[in-house]
Amino acid sequence: MKYLEEYKELKKVLPQGLRGQLRSVALDALYTLDQIKGIDAALNKPRVQFLYIHHIFRDEEKNLEALMKKLSVNHTFLSHSEAVEKVLKSEIDKPYIAISSDDGFKNNIRAAEILNEYGAKACFFINPAVVEMTSYDEIKAHCESRLGLPAVEFMNWNDIERLQRMGHEMGSHTMSHIDVAKAEKNFFIDDCNETYEVLQKKCGEAKHFAFPYGRFANFDEKGRKAVFDAGFISCASAERGCHISQDRSLLNEELCIRRDHVIADWKLNHIMHFLISNANNATILNNLFPYTS
Ligand SMILES: [Zn+2]
């Protein structure tokens, strides 16, 4: 019974190979181009950038600190609720960052402590059925089948309460990490209502939702409707992009939050390249869901 504790162990299991090396060289070159064009002009652009940090293993903590330090130069940190409100009201007057994390790994507690050092409050999207898991074999099977990872320890309700006391928010990531696009409509409606009720009962509020796997192909119009019908006020993807003001306020049901998935182990310049690229390519279309009813 051994949980994964270091990112370097994960890299051994999921080797990057030549493709990873080529990607790294390409991102180095793109960041050099960013520097030539001017980094501050992009990073000082008024916008809301949501970042999804996922896991912070022991050997990623220093990198998270370096990332937070770098981000704090040009950005103000907002909680997920504050950031959602800024985008909904189209009141985006400065560069903002809002951090969130999905799946509820135990190592998110250390991440939360690091975020607190920078005055950043995050939203942790959890799967209540996974929070309740206690058997190692069950957790291992969940990690392998739903997350494509070796066994990683999850937070329990006491850990979640601790994060809330530290000022962080909790959101729903479905009961047990399902692909919403593949789920039957009534099954997902029940799932949404159940996580809403569990979060209200255990955490005192249920406001935000992020769909598992995060790509637009993993969600759909029936999912969008069910999320807002259940009572959630926001719904997040893990598609890259940032949000800028448009000429009118948005309805809750219209806003599709984009988040950049970031692995703290990545080179800092590579992460910055993605944020610079988002800022340069920001469009109000990023604010909307790509589905039609
Ligand atoms: Zn997830």
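A residue is called buried if 20 or more other C-beta atoms, placed from the backbone, lie within 10 Å of its own. This is a predicted model, in which local features need pLDDT of at least 70 and side-chain atom pairs count only at pLDDT 80 or more, while totals for chains, interfaces and linings use all residues. Residues are numbered from 1 along each chain as its sequence is written.

**Exercise 1.** Find what share of the 293 residues in the chain is buried, and decide whether the radius of gyration agrees with a compact globule.

*Solution.* Begin with burial: buried residues make up 39% of the 293 residues. Next, take the radius of gyration over C-alpha atoms, with the globule rule of 2.2 Å times the number of residues to the power 0.38. For 293 residues a compact globule would have a value near 19 Å, and the chain, at 18 Å, agrees with this.

**Exercise 2.** Describe how helix H4 and helix H12 cross, and which residues meet there.

*Solution.* First, the axes, which are lines fitted to C-alpha atoms over the stretch in contact, with angles from 0 to 180 degrees between N-to-C directions, come within 11 Å and cross at roughly 40° for H4 (residues 61-74) and H12 (residues 268-280). H4 is therefore oblique to H12, since angles under 35 degrees count as roughly parallel, over 145 as roughly antiparallel, 65 to 115 as roughly perpendicular and the rest as oblique. Finally, with contact defined as C-beta atoms, placed from the backbone, within 7 Å, Ala 66, Leu 67 and Lys 70 of H4 meet Leu 268, Ile 271 and Met 272 of H12.

Note on methods: Helices (H or I, at least four residues) and strands (E, at least two) are DSSP runs, numbered from the N terminus. Two residues are in contact if their C-beta atoms, placed from the backbone, lie within 7 Å. A residue is buried if 20 or more other C-beta atoms lie within 10 Å of its own, exposed if 12 or fewer, and partly exposed in between; C-beta atoms are placed from the backbone.
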